[in-house]
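Subject: Structure handover

Hello,

Here is the structure I promised to pass on. Please open it first, then read the notes below.

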Amino acid sequence: MKACSISMEFFFFFTIISSLSILVNSQTDSCSANLNLNRQLPFDISALHCASVWNSHNYILRYVQTSQSLWSFVLSAPEANSYVGIGFSNSGSMVGSSAIVGWISPTDGTAVIKQYFLQERTPTQVLPDSGNLNITYSMITSQSSRLYLAFQLSTDQPSSRLIYSLGPIGTLPSAPGYQLTEHRDKVSTVLNYVTGETANENPHRGLRKSHGVLNMIGWGIMMIIGAIVARYCKQWDPIWFYLHIGIQSLGFLLGIAGIICGFLLEDRLSVDVSTHKGLGIFILVLGSLQVMAFLARPDKLSKARKYWNWYHYSVGRTLMVFAIANVFYGIHLGNEGSGWNAGYGIVLGILFVIALILEIRVWMSK
């Protein structure tokens with residue numbers, strides 16, 4: 001009886017372990033596993049190359065160049081009552097990319113695949129049934145607790161910059177608008193179609209942040225603080241003068257460093273930011289003119305001093321206006337979202353309130 005009891009316990013233990021193993025294996029996929037889809041695809045799945053493209057969510061991408069102008073893909077992802085998406089981008093950014101998004105309704109099993117054009121970051125500007133992908137075939141199916149999104153693209157060479165997204169749990173797009181809710185996670189990657197190697201598309205994130213922060217502090221904040229000191233602190237002569245020069249000089253140097261980072265970033269990303277770049281160069285020219293004007297500053301008793309003052313004030317204010325505009329435009333281009341806009345806006349608001357209070361005090365003293 002004792003031996004029989006041990007045998008039964010071992011049997012139940014083995015059954016539980018086997019069931020757990022089957023459950024785990026049903027929710028995972030790997031490039032070493034065979035792809036067995038119940039539905040027949042219009043391409044040979046045995047010829048597919050495989051890459052693990054998003055380890056944290058177990059996204060597996062299989063692909064092959066079926067013919068000279070036709071590429072076949074199968075994206076495998078765990079089924080979690082959410083949409084899955086893959087985007088093709090020229091710059092590595094979500095904005096401006098075209099994505100294939102698919103999902104299966106857990107209630108009625110309806111399978112939906114749509115192409116979206118990511119015009120901007122907000123959900124209302126993610127346009128369904130739009131994009132520049134020439135999709136010749138698409139299918140999504142559920143098997144062993146995983147979603148398999150299969151599609152074919154008519155193109156000589158698909159973009160190597162791929163973006164993957166995972167939608168929120170329990171919130172799927174619905175008719176008639178099929179508007180996407182904001183993803184709960186995403187990743188931007190680069191795929192080498194020859195070797196199958198994939199890497200996160202964040203090699204220049206530090207450089208991009210340095211470019212933004214240096215320009216924001218240098219041109220967009222310190223120049224304003226230096227102007228406030230020059231206008232409202234003249235009663236503390238000559239401290240105000242040296243403080244003004246020191247703040248503006250530091251802002252100028254930080255701004256130059258930020259512009260250098262911008263040139264390096266443009267070269268490495270190969271993106272077209274001509275307007276942002278043109279504004280940055282214009283701001284640099286204005287800053288350089290201010291430096292030269294300081295070196296050529298006439299004496300206080302000179303008749304030309306009032307014209308110099310007019311020139312200095314005008315160029316300085318023009319510089320600040322364009323610097324503020326270009327900082328906000330840079331935040332928009334970098335897709336940094338509302339947090340950066342709000343943060344910089346709060347700093348500007350504080351400086352404006354300080355300047356307003358000091359201006360009122362000046363007028364009251366007169």
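The notes below go through the helices, then the loops. Please bear in mind that this is a predicted model.

**Helix 4**

Start with helix 4, which covers residues 274-295. It has 22 residues. From its first C-alpha to its last, helix 4 reaches 32 Å. That is close to the 32 Å expected at 1.5 Å a residue.

Which residues of helix 4 are buried? They are His276, Gly280, Ile283, Leu286, Gly287, Gln290 and Ala293. Seen down the axis of helix 4, these buried residues fall within an arc of 145°, so they line one face of the helix.

**Helix 4 against helix 5**

Next comes helix 5, residues 305-333. The axes of helix 4 and helix 5 come within 9 Å. They cross at roughly 155°. Angles over 145 degrees count as roughly antiparallel, so helix 4 is roughly antiparallel to helix 5. The crossing of helix 4 past helix 5 is left-handed.

What kinds of residues make up the contact of helix 4 with helix 5? There are 15 nonpolar residues and 10 polar ones. No charged residues are part of this contact.

**Helix 5 against helix 6**

Helix 5 also packs with helix 6, residues 338-365. The angle here is about 160°. The two axes are 10 Å apart. Helix 5 and helix 6 are therefore roughly antiparallel to each other. Helix 5 passes helix 6 in a right-handed crossing, whereas helix 4 passes helix 5 in a left-handed one.

Valine 362 and tyrosine 232 are 130 residues apart along the chain. Their C-alpha atoms are separated by 7.7 Å.

**Cis peptide bonds**

Now the loops. Where are cis peptide bonds found? One joins alanine 175 and proline 176, with omega about 5°. Proline 176 sits in the loop between strand 10 (161-166) and strand 11 (185-191).

Another cis peptide bond joins aspartate 237 and proline 238. Omega is about 0° there. Proline 238 belongs to the loop between helix 2 (205-232) and helix 3 (239-269).

**Positive phi**

The loop between strand 10 and strand 11 also holds tyrosine 178. Tyrosine 178 is not a glycine, yet its phi is positive, about 50°. At 22% relative accessibility, tyrosine 178 counts as partly exposed.

Asparagine 81 has a positive phi too, about 55°, although it is not a glycine. Look for asparagine 81 in the loop between strand 3 (70-78) and strand 4 (84-89). With 30% relative accessibility, asparagine 81 counts as partly exposed.

**Tyrosine 83**

Stay in the loop between strand 3 and strand 4 for tyrosine 83. Is tyrosine 83 buried or exposed? Its relative accessibility is 2%, and buried means under 20%, so tyrosine 83 counts as buried.

How far from the C-alpha of tyrosine 83 is that of proline 173? The separation is 8.3 Å. Along the chain, tyrosine 83 and proline 173 are 90 residues apart.

Best wishes

Terms used: Residues numbered from 1 in each chain as written. Predicted model: local features only at pLDDT ≥ 70, side-chain atom pairs only at ≥ 80, totals over all residues. Heavy atoms only, no water. Axes fitted to C-alpha atoms, helices over the stretch in contact; angles between N-to-C directions. Helix = DSSP H or I, 4+ residues; strand = E, 2+ residues; numbered from the N terminus. Parallel < 35°, antiparallel > 145°, perpendicular 65-115°, else oblique. Left-handed = near helix turned anticlockwise from the far one by under 90°. Nonpolar A, V, L, I, M, F, W, Y, C, P; charged D, E, K, R; others polar. Expected span 1.5 Å × (residues − 1). Buried < 20%, exposed > 50% of the residue type's maximum accessible area, 1.4 Å probe, protein only. Arc of directions from axis to C-beta.
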